4 protein chains.
Amino acid sequence: MKYTKILIDQKGRKYIFKNDDLHTKDGMIKADEINKCEVGETVKTHIGTEYTVIYPNITDMLQKAKRGPQAITLKDAALIAGYANLHSGSRVVNSGTGSGILDIFLAGIVYPEKVLTYEIRDDFAKIAGKNFERFGIGNVEIKIKNIYEGIDEENLDAVILDLPEPWLVINFAAEKLKIGGILISFSPSIEQSKKFHGALNMNFLQETFECVLRNWDMKVVRPCSRMIAHTGFITVARLISRNKKLKF
Amino acid sequence: MKYTKILIDQKGRKYIFKNDDLHTKDGMIKADEINKCEVGETVKTHIGTEYTVIYPNITDMLQKAKRGPQAITLKDAALIAGYANLHSGSRVVNSGTGSGILDIFLAGIVYPEKVLTYEIRDDFAKIAGKNFERFGIGNVEIKIKNIYEGIDEENLDAVILDLPEPWLVINFAAEKLKIGGILISFSPSIEQSKKFHGALNMNFLQETFECVLRNWDMKVVRPCSRMIAHTGFITVARLISRNKKLKF
Amino acid sequence: MKYTKILIDQKGRKYIFKNDDLHTKDGMIKADEINKCEVGETVKTHIGTEYTVIYPNITDMLQKAKRGPQAITLKDAALIAGYANLHSGSRVVNSGTGSGILDIFLAGIVYPEKVLTYEIRDDFAKIAGKNFERFGIGNVEIKIKNIYEGIDEENLDAVILDLPEPWLVINFAAEKLKIGGILISFSPSIEQSKKFHGALNMNFLQETFECVLRNWDMKVVRPCSRMIAHTGFITVARLISRNKKLKF
Amino acid sequence: MKYTKILIDQKGRKYIFKNDDLHTKDGMIKADEINKCEVGETVKTHIGTEYTVIYPNITDMLQKAKRGPQAITLKDAALIAGYANLHSGSRVVNSGTGSGILDIFLAGIVYPEKVLTYEIRDDFAKIAGKNFERFGIGNVEIKIKNIYEGIDEENLDAVILDLPEPWLVINFAAEKLKIGGILISFSPSIEQSKKFHGALNMNFLQETFECVLRNWDMKVVRPCSRMIAHTGFITVARLISRNKKLKF
């Protein structure tokens, strides 16, 4: 079933409405009452605490989707989509699917075009499929296929890789991307990034960066004490030719 | 006129084709010859250096648009769009327009919906308009209007502010955003962010962060020596109610 | 009593020897046996696990001293001492003492000169005093005195402040520092730093910075996932005159 | 000759007094007049601009010493000395000397003990020697010797390496450090750090970090726009045994 409503309390705690009576930390809300509510309206729990009905946005989906421990953050999803130059209508291949978090983000942007996502593991594909269904994401196509063996689609705007051996995909991407298209690899380790960089050739313009997000506590006007120090290195490679032989 | 082709050399130097003979650092290329080329093909300068024809992507537009000194970076544009939950069809108001760089980015994402962008200065609006024309951005509507005096549109998914006094827009945004919609303010100074934070009330859930991008030199596997240390602080505020009175 | 020996296991777990039988997670070691050991030798617990006897260094002291939640880190202590230009023989006043952690660090550097440390709270002074005794720090003098009311000592090389209202000390520091001497303020909040900056006048050259330390996991060659995002902002002000009236 | 006076203007511009007439951007000051001045007093140029006489501190030395392009920053010198647990009386070997900047810093701290600094290149040793002389640093001993072939001194508190192949020194350091002593390697590239890490064995406890300093512009209360993104990775290894065979 599709999740179309989220209930949120005044502190920002969120509950997905799954068409069942909802048990919050402030008591129960009947499914019937939630069904009668429009987005923007409020309902009360049996002890009288107010909850607001909102529509699930990408932040909610990223938080509430069933996800593995290494699932991508909103920061990285946004940067990848931006640097991959994705917009409504872009043709993008993504691999591996994992729990489908990145695909949910990309699908919103390339709509009505669909995202093609390669995943070798059946169990991951199943989790991702459920996530797409729940959040009403209709424009993702999961392919149970090893991208190290090739890319089927032609004329792509972008290929996005979050894989242990991204260098194995470079030649396929060089063949299937439009000239000017973007190949992005996201790697936790700088050693993988280095190997990926080394395998790119003069057909690509490239840069590698990391991006660190630091939250501020605005009540005392200082950065929060602790932060995520690292998610991954992003290499952006733009195909500018198919036939160069030299290495740089 | 619209720019539909960019010529790029092997080092990544780019030239916009403006339907005139193109003077590169490796000599001249005739307009005729470029017109005959499809994207993906190569042409030679009069001294024989090869250039590839590519289509302009968002990175090119951000680099080649006429822009002021404070124009937004791709990193920030991507993060703002991501945290504002923008996707194909989103209804967004942006202000101020400036040279229109952020609007170019947003327009690609919300297409076929249009971006509404408020700018009080005629001269900026003119520059932005030219940038939209050149890069073929058809879905941005510039309003020469002071957003501190109100927002005309209803039922918005997001309001994005890059203004000296963003707090003056909070009440208008609270009125015109959908419940669950996002108000984002981008400020270079932490003092502005603090004032914006202080003016938000319990109707919004909020967080403030900064995001620093560091490039790596992958030939020697170390961060590049110098970097941009700061662009701005981003405050993301999500409207969860319209009627709360209390401050937190 | 003075702690002169630390026992360390193969994973880096450390135990201070307090002249009593030592109860480790690998069993007990008799005080007698430790007393017979020289630094560099090993002893065995009653179940046969080896521990090495080492001398306590500054890192150990910072870890093992009784300390409050906000006690300074080694990174900040090192930067403060470096930017304050401290070396053997420097005359430095520090305030507030807190648990004395920074004083322990400074005392090692300025020896045989002594550190003068101002603390208004008796209970903190007592804790600090015990820390100095335990680690054999003989060259710190604690003054139970409010530094907001003045500095007694003349001809100082440096004044170091970790206080809620550091600006109240500026005039005293300007009077008691040598020309060319350094006044440093360490503040968690940028608002305090701003107020301190605003109160400094043309008699001081100044800079404010923050310094973020990120650990790497060298087994996988990537930054560790989480880090301390912030400790404090450091303002370094050098007295270059006593009589300037103008503000800059 | 030894530099004992620096002249500083109101903007912080500094001139070393070399016992000659001083030519500033505000005109000339006679050597005689400077010689008559005590530290803390002011002199006027021939057009009447005031300069203050100050004593050279470590910051001045680091700025004014003849130095190579890669000479260590004050931030790194301070962190290295702090993490190496150096204080008055510590016995430290440093290599390579380069222009002697780090040695100047260390010499102030370990005084009256002397710093032993190994340099293989005669020309560098000569530059360093001049720097020590100019700033009156009497407790550094330069050895023209390849540290890859061994360390002469025994019973060391710390060994500090800023070398292309620091791993070649690990066994010598393990032999000549006291148990509990510190071996530090500073490397620009993470690949060198990785190799150093890999060569350390269970006799050392270790950590690797980088530390990034960001200046703030306190007039507008925001970080300065640009910064140094990277200087080097610091690996701190503490010798806790000499005889472990296992690798971890």
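Here is a tour with several stops, each with something to select and something to look for.

**Before you click**

This is a predicted model, in which local features need pLDDT of at least 70, side-chain atom pairs count only at pLDDT 80 or more, and totals for chains, interfaces and linings use all residues. Residues are numbered from 1 along each chain as its sequence is written, while chains are lettered from A and ligands numbered from 1 in the order in which they are written.

**Stop 1: an annotated site in chain A**

Select Ser99(A), Gly100(A), Ile101(A), Leu102(A), Glu119(A) and Asp162(A): an unreviewed UniProt entry gives them the feature "binding site". They are spread over 64 residues of sequence, yet they cluster in space, with a largest C-alpha distance of 12.9 Å.

Now zoom in on Glu119(A), which sits in strand 8 (residues 115-119) of chain A. Helices (H or I, at least four residues) and strands (E, at least two) are DSSP runs, numbered from the N terminus. Is Glu119(A) buried or exposed? It counts as buried, because it has 26 C-beta neighbours inside 10 Å. The rule: 20 or more other C-beta atoms within 10 Å of a residue's own make it buried, 12 or fewer make it exposed, and in between it is partly exposed, with C-beta atoms placed from the backbone.

Leaving aside neighbours within four places in sequence, the contacts of Glu119(A) include Gly96(A), Phe124(A) and Ile142(A). Being in contact means that the C-beta atoms of two residues, placed from the backbone, lie within 7 Å.

Next, click Asp162(A), in the loop between strand 10 (156-161) and helix 6 (170-176) of chain A. Asp162(A) is buried too, because 22 C-beta neighbours lie inside 10 Å. Not counting residues up to four places away in sequence, Asp162(A) touches Ile72(A), Gly96(A) and Phe186(A).

**Stop 2: back to strand 8**

Stay in strand 8 of chain A and pick Thr117(A). With 27 C-beta neighbours inside 10 Å, Thr117(A) counts as buried. Beyond four places in sequence, its contacts include Asn94(A), Asp103(A) and Val140(A). Try the distance tool on Thr117(A) and Ile137(A): they are 20 residues apart in sequence and 13 Å apart in space, C-alpha to C-alpha.

**Stop 3: two enclosed helices**

Select helix 3 (residues 74-83) of chain A: 10 of its 10 residues are buried, so it is largely enclosed by the rest of the structure. Leu74(A), Lys75(A) and Tyr83(A) are among those buried residues. Just after this helix, look for Asn85(A), which takes a positive phi of about 65°.

Then hop to helix 4 (residues 101-110) of chain D, where again 10 of the 10 residues are buried, so this helix is largely enclosed as well. Its buried residues include Asp103(D), Phe105(D) and Val110(D).

**Stop 4: a sheet in chain C**

In chain C, look for an open sheet of 4 strands in the order 2-1-6-5, with antiparallel pairing. Strand 2 (14-16) and strand 5 (42-44) are at the edges with a single partner strand each, so one side of each has no neighbour in the sheet. The twist averages 30° from one strand to the next.

Strand 5 and strand 6 (residues 50-54) of chain C run antiparallel and are joined by 3 bridges. Strands pair here if DSSP finds at least two bridges between them. Highlight Val43(C) and you'll find Tyr51(C) opposite, in strand 6.

**Stop 5: where chains B and D meet**

Show chains B and D together: 16 residues of chain D are in contact with 16 residues of chain B. On the chain D side, the largest share, 3 residues, comes from strand 14. Strand 14 (residues 226-228) of chain B and strand 14 of chain D run antiparallel, joined by 3 bridges. One pair to click is Ile228(B) and its bridge partner Arg226(D).

A rotation of 180° with 0.0 Å of shift along its axis superposes chain D on chain B, with an RMSD of 0.0 Å. Such superpositions are done by least squares on the C-alpha atoms of residues with pLDDT of at least 70 in both copies. Which residue of chain D comes closest to the rotation axis? That is Met227(D), at 2.9 Å (C-alpha). Finally, 100% of the interface residues of chain D are also interface residues in chain B, so the copies meet through the same surface.

Conventions: UniProt positions are given in the numbering used here, feature names are shortened, and annotations may be inferred rather than shown by experiment. Axes are lines fitted to C-alpha atoms, for helices over the stretch in contact, and angles run from 0 to 180 degrees between N-to-C directions.
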